[in-house]
Amino acid sequence: MLNKTEILAPAGNTEAVRAAVNAYADAVYLGGSMFSARAFAGNFDEKELLDTIDYCHRFGVKVYMAINTLLKNEEIQRLPSYVEPYYRQGVDGIIVQDMGVVSVLGKSFPDLPLHGSTQLSVSSSQGAAFLKSIGMTRFVPSRELSLSEITEIKKNVDIEVETFVHGAMCYSYSGRCLMSSFAGGRSGNRGRCAQPCRKQYASNDVNEYMLSLKDMCMLKSLSRLIDAGIDSFKIEGRMKKPEYTAGVVSIYRKYLDRYLANPKAPYRVSEADKKHLLGLFNRKGFTD
């Protein structure tokens, strides 16, 4: 388990990595040239990613690499050779959805930490225990769970729990939407979601963004999340600008450190910081 709650920042390119490190993130998550659920982020070629791992480690920041799409037969054959350079460079964990990927990486790199993606839709202690039994060290619970349900899982299973605390929310179950596949032939499970939920739809002569959810903001509830035993606070946004990464990380860092320094002190988010977060990116305000 981690010694303290981790702030996990999104990084779609090298500029976002530097923004996260400069804002005192504890870790970043990013995608390589293949198999990432954000195919339209900048992402990293092999040299960039190897250099990024080295750069982050110099500042004590961990790097988690997303290989969280569903792989086909011909692709999974290439997986060990694709991952090996990053394994040798000391990547701190791989985020996975596909059980075949779990099996291949577990056999090829037994000491490489594997993190279960939210797309696994694990929603029970039994599911979390299964992930631990196959060698996973962390998972992101199904996004539909309440805090009390996540707390119950954490009590029953000795595995790291990572939850989203800020950013865009998928309309469907844990990002497992097939709407983009059916509407445009672009699968979210292959990293190519066209985000049809963000478009306007007509009903009874009204054009509205009927499926577009507000962005999440859990800043005022960090103390509850820490008390629940959550190990890592994940910020969404690998396709957003470095300014977003820097701004969101710095504000969450401020309030997390303030709470950890004195858990009994009154905990209130300033109006200025709320306004700053809204200015960085939001969809008609925030929701918790």
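1. Which residues in α10 meet α11, and which in α11 meet them? From α10 it's E243, Y244, G247, V248, I251, K254 and Y255, and they touch D273, H276, L277 and L280 in α11 (contact here is heavy atoms within 4.5 Å). By class, this contact has six nonpolar, two polar and three charged residues (Ala, Val, Leu, Ile, Met, Phe, Trp, Tyr, Cys and Pro count as nonpolar, Asp, Glu, Lys and Arg as charged, and the others, Gly among them, as polar).

2. Before going on, a word on the source. This is a predicted model, where local features need pLDDT of at least 70 and side-chain atom pairs count only at pLDDT 80 or more, while totals for chains, interfaces and linings use all residues. Residues are numbered from 1 along each chain as its sequence is written, and side-chain values use heavy atoms, with hydrogens and water left out.

3. Back to the helices: the axes of α10 (residues 242-261) and α11 (residues 271-280) come within 9 Å and cross at roughly 155°. That makes α10 roughly antiparallel to α11 (the label for angles over 145 degrees).

4. Now look at strand β3 (residues 62-67). Five of its six residues are buried, so β3 is largely enclosed by the rest of the structure (buried means under 20% relative accessible area, with a 1.4 Å probe and protein chains only).

5. β3 has a parallel partner in β2 (residues 27-31), joined to it by five bridges (pairing takes at least two DSSP bridges). Here L30 stands opposite M65 in β3.

6. β3 also pairs in the parallel sense with β4 (residues 93-96), over four bridges. In this pairing, I67 stands opposite V96 in β4.

Terms used:
Axes fitted to C-alpha atoms, helices over the stretch in contact; angles between N-to-C directions. Helix = DSSP H or I, 4+ residues; strand = E, 2+ residues; numbered from the N terminus. Parallel < 35°, antiparallel > 145°, perpendicular 65-115°, else oblique. Buried < 20%, exposed > 50% of the residue type's maximum accessible area, 1.4 Å probe, protein only.
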